[in-house]
Amino acid sequence: MKELPRVSVAIITYQHENYVQECLESIVNQQGLFELEIMIFDDHSQDGTLEQVRLFLQRTQLPARWSVELYPSETNLGMVKNLERIVRTCAEKENEFATIIDGDDYWFSPFRVQKHIDFLRGNPQYPFSFNAFLRYSEEEARWSMYQDQSDYPLDFLPAQKLAENNLIGNIGCSFFRAKELAQVPSGLFELFCGDWMLHLVVARGRDIGFIHEPLSVYRINANGIWTGKEDKKKKEILTGAIHDFDRLTQGEYHVGLTRFLAKNGLDEMSTEKEKVDLCIVDDVFPHPGSAFRMEEFLAYIHEFESVKIICTGVSLGVLGKESMRQVYRRFVKKKPDAVEKVVINCGSMENVEAELAYFCFLGNVYVHLAQLEKNGTPFVFELYPGGRFARKSPESDAMLKLVTSSPCFQKVITTQPATTRYLLDNHFCKEEQIEEIFGVVTPEVVLQPYELPKKHYGFEKERLDLVFAAFRYTPHGEDKGYDLFIEVAKRLRRGHDNVYFHVVGGFDESVLDVSELEGRIFFYGKQQGEWFDYFYQDKDAILSPNVPDVLAPGAFDGFPTASCTEAALREVAILATDPLQMNEGRFVQGEEIDILPHEAELWTEKVEYYLQNPAKLRDLAKGSARAVRRIYSVEKQIRPRVALLQQELERARSKRKELTKRLQQFSKLKNVQYKVLGRDGTYEKELQKGSFVTREDFVIRLSLPQENEPFKELQFILAEGMGMILRDVSVTLDGQSLPVSLHNGIECEDTFYFPLSTPQVICTLPKFPTGMKGEVVLNGTLIAQETDVSGIAWELKQAVQRETAMCKLYLSENRKYSEANVVTAACKRLSYKCYLVSIPLQEEMTKAVKFVRFDPVEGMRIKCRLLCAQCDEEAMKLKRTNGTGIGSKKNFEVTDPWYEFELPKALPKRIFIVFEMEEY
């Protein structure tokens, strides 16, 4: 019989009288093919910790070949020395694996040990592994996820990344190869070290395995060895320890540790930001669905010596249903050399000092404008159609004005003549600040000659195949001309039996009535990449009858669209509208493109012309391919952009002092006016007016008059002509809190949202007693201010959607569910998307219950990912759901989403579920 793996389990105890039995219970409940050697290292506890341990062991029957041994200490060794004897003992035992846990923490999965054994045996390259964990705050009685872990996308963690950010976070979620502990130097325990530094030493520069499933619980309580310390004291200790550890490891982790100090503002090194030549901030990269970003940004990584790409991921939903974690994981596999230059799930440039910043789309640069001006970072941005840019849009114009009037603005790249004309005609910037590069960056591999055997109508096949390809942003796709495409298809169907129609993108049979086209029209959904190589192999023409100003006033698409150029490279002829006259002779009419007005009759006639003249259509297809390769070549697209950024980088360096001076002058012009009124019924008097600099914390101070004017209220008019978001607003009178009795905003999560152009706060004054100074202070943090209040309204909607949700749990013996046996409970929000529900059950409710149906929300279509579903710490088996998708992540296209589970035991006492949820 094959010998089972043996695991050392070391429990660190000190004053854990109230918790240690729960910890031990979670360990002896572990299930799997292994043997445990449990060792309890008590650091001279003065409470009843050891008595609780002995009581537990007396009433517990351990499995055969499992053992328990006590290691009490006659004196209090302290955290570091106790850890040292644990590490040394685990190394001496020569078991295959070792794991360590604090006595006030516990494992909530009975399969934790087995999962780590399987993981490490399947991945011999990792010295140890760690799992995700939940945090429980004793003081607040609140569960939460460790958000940094939740956002991390990979199945491994590079050691340098661990030095930069303690993603492991708790020793109770680690699982070591025991032999690795023998390599830990004794010098480590001469420092003030904890689990973070132990993990770094064991890693020795290697990658560490990561199990994303939460398997353990980290308890936060005021009596904890570390969590019980004051924040100031913890910072002092940690700063000194990091410097000592850096010397011990001879700078092996210096870069990561320096970044950690910078992020957390711990000492003089905290002023050190990562210095780069070029910083790119984007909301989609590295999603492969945005091929032009991928090609362009990778070119910059190659061309510039020092580049950092910050990926916010806020617009990933436009390109599909993958999370940033999934996207990044795929990117790492294809481009491992670029990993160190790409940061995901990061919303700002706070920790980067860049000589020059670069953005695609107006919305991206606008969101980060305040940070750019605060850092004094010059920037260049590319103004593609879309991305919150639209001609004749008040919102877009307001953003453009702010961006192009910034002292940090250097240059804008336009890709369409209509964009260039709009900027100049409306005086947003000067001609020398614009660089027009017509078209879009196209992957070089796509520009190669089409190698698959092409089938043309009238030559290799007898049927004509027409394509419509676009994203859908309106109910019927009018902005893309989908309605005209369907009308043309119906006309052609009535007169011809050899014409077929193909639709790619967010369209299906329900968008418009296509019953007349049954058997002749085909829908393919959203696609990307190599799929198009085979799809276009037998297609003849792409129809692109786009219409500007439909999606929004001034909205327009590039000419020709990316779908058109993608098709043309596979020898598909382009038929398109050009209402804004952006071609300007670049594509030769009739030879490389066929431009038509937006009239169904003319489009029908043109297709019928090609039906009669297949050679003309084939020549047009070859001409379209030839033109796209010419116009979208590396020489025409990438080279000019690289040259421009290199030029602007040199200009930014040479004018750094000039920019600093301009920013100082600029800030003086950006003041927002406020005023304070004293009110008593209909009588009011202006007591003070002034200004505060936008994008900074602000304070309003005034002294109340003490004679003749006993006001009952104070009215603060915080600004005029703009909306605001204010956090942590407080008003005091002589240091005593003064409650806000009225305001014209909406309060959500300790934040006031003012989606009105004159935000106001009113406070009721108490009676003015003798001796009161009458000093009033309004304090707060300005999160955002916008002249276009629709942006404030949007932020409010996002905040409201993050509030606590309600869910239902239906109980049943025979899988028939009714309102007669249902429990309603609140889902606690752990983070932006993550919720936890813990539902206690009464015995009379569960006598005959075998199945439960969990409804996470009502009246909403959602995306949901189950992280944990347990019944009294045992996993529940998922039987079915009305969602779709692979694995734990499901999409619910119905408004009554549910999961059905089979209970692992009778008479359950509590159901515990952790899940991520967002609107679909």
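These legends describe close-up views of side-chain contacts in a predicted model. Local features need pLDDT of at least 70 and side-chain atom pairs pLDDT 80 or more, while totals for chains, interfaces and linings use all residues. Numbering starts from 1 along each chain as its sequence is written, and side-chain values use heavy atoms, with hydrogens and water left out.

**View 1. Aromatic pairing at Phe-245 and Tyr-253.** A pair of aromatic rings is described by the distance of the centres and the angle of the planes. Rings of Phe, Tyr and Trp (its six-membered ring) pair if their centres lie within 6.5 Å; planes under 30 degrees apart are stacked, over 60 edge-to-face, and the rest tilted. The count by this rule is 50 aromatic pairs. In the pair shown, the ring centres of Phe-245 and Tyr-253 are 6.4 Å apart and the planes are at 15 degrees, so the pair is stacked. Both Phe-245 and Tyr-253 are buried (buried: under 20% relative accessible area; exposed: over 50%; partly exposed: in between; 1.4 Å probe, protein chains only).

**View 2. An aromatic cluster.** Five residues form one cluster: Phe-468, Tyr-482, Phe-485, Phe-501 and Phe-507.

**View 3. Charges over rings at Phe-535 and Tyr-810.** A charge sits over a ring if NZ of Lys or CZ of Arg is within 6 Å of the ring centre and within 35 degrees of the ring normal. Lys-539 places its charged end over the ring of Phe-535, 4.3 Å from the centre. Over the face of Tyr-810 lies Arg-853, at 4.7 Å from the ring centre.

**View 4. A nonpolar surface patch.** Val-318, Phe-471, Tyr-473 and Leu-551 make a patch of about 350 Å². Patch residues have over 30% relative accessible area and no salt bridge; nonpolar side chains (Val, Leu, Ile, Met, Phe, Trp, Tyr) are joined within 5 Å, like charges within 9 Å. Areas come from the Shrake-Rupley method with a 1.4 Å probe; for residues, only the protein chains shown count as cover. Tyr-473 is partly exposed, at 42% relative accessible area.

**View 5. Thr-474 in the loop between β18 and α17.** Helices (H or I, at least four residues) and strands (E, at least two) are DSSP runs, numbered from the N terminus. The loop runs between β18 (464-470) and α17 (482-495), and Tyr-473 lies in it. Thr-474 is buried, with a relative accessible area of 10%. Its side chain makes a polar contact of 2.9 Å with the side chain of Glu-478. A polar contact of 3.1 Å joins it to the side chain of Asp-479. Such a contact is a pair of N or O atoms within 3.5 Å; within protein, one must be able to donate a hydrogen and the other to accept it, and residues adjacent in sequence count only if both atoms are side-chain atoms.

**View 6. Salt bridge between Glu-190 and Lys-81.** A salt bridge puts a side-chain nitrogen of Lys or Arg within 4 Å of a carboxyl oxygen of Asp or Glu. The structure holds 51 of them. Here the N to O distance is 3.4 Å. Glu-190 lies in the loop between α7 (178-181) and α8 (195-203) and Lys-81 in helix α3 (residues 79-93), so the pair ties together parts 109 residues apart in sequence. Glu-190 is exposed at 60% relative accessible area; Lys-81 is partly exposed at 33%.

**View 7. A salt-bridge network.** Salt bridges link Arg-6, Glu-35, Glu-37, Arg-65, Glu-69 and Lys-93.
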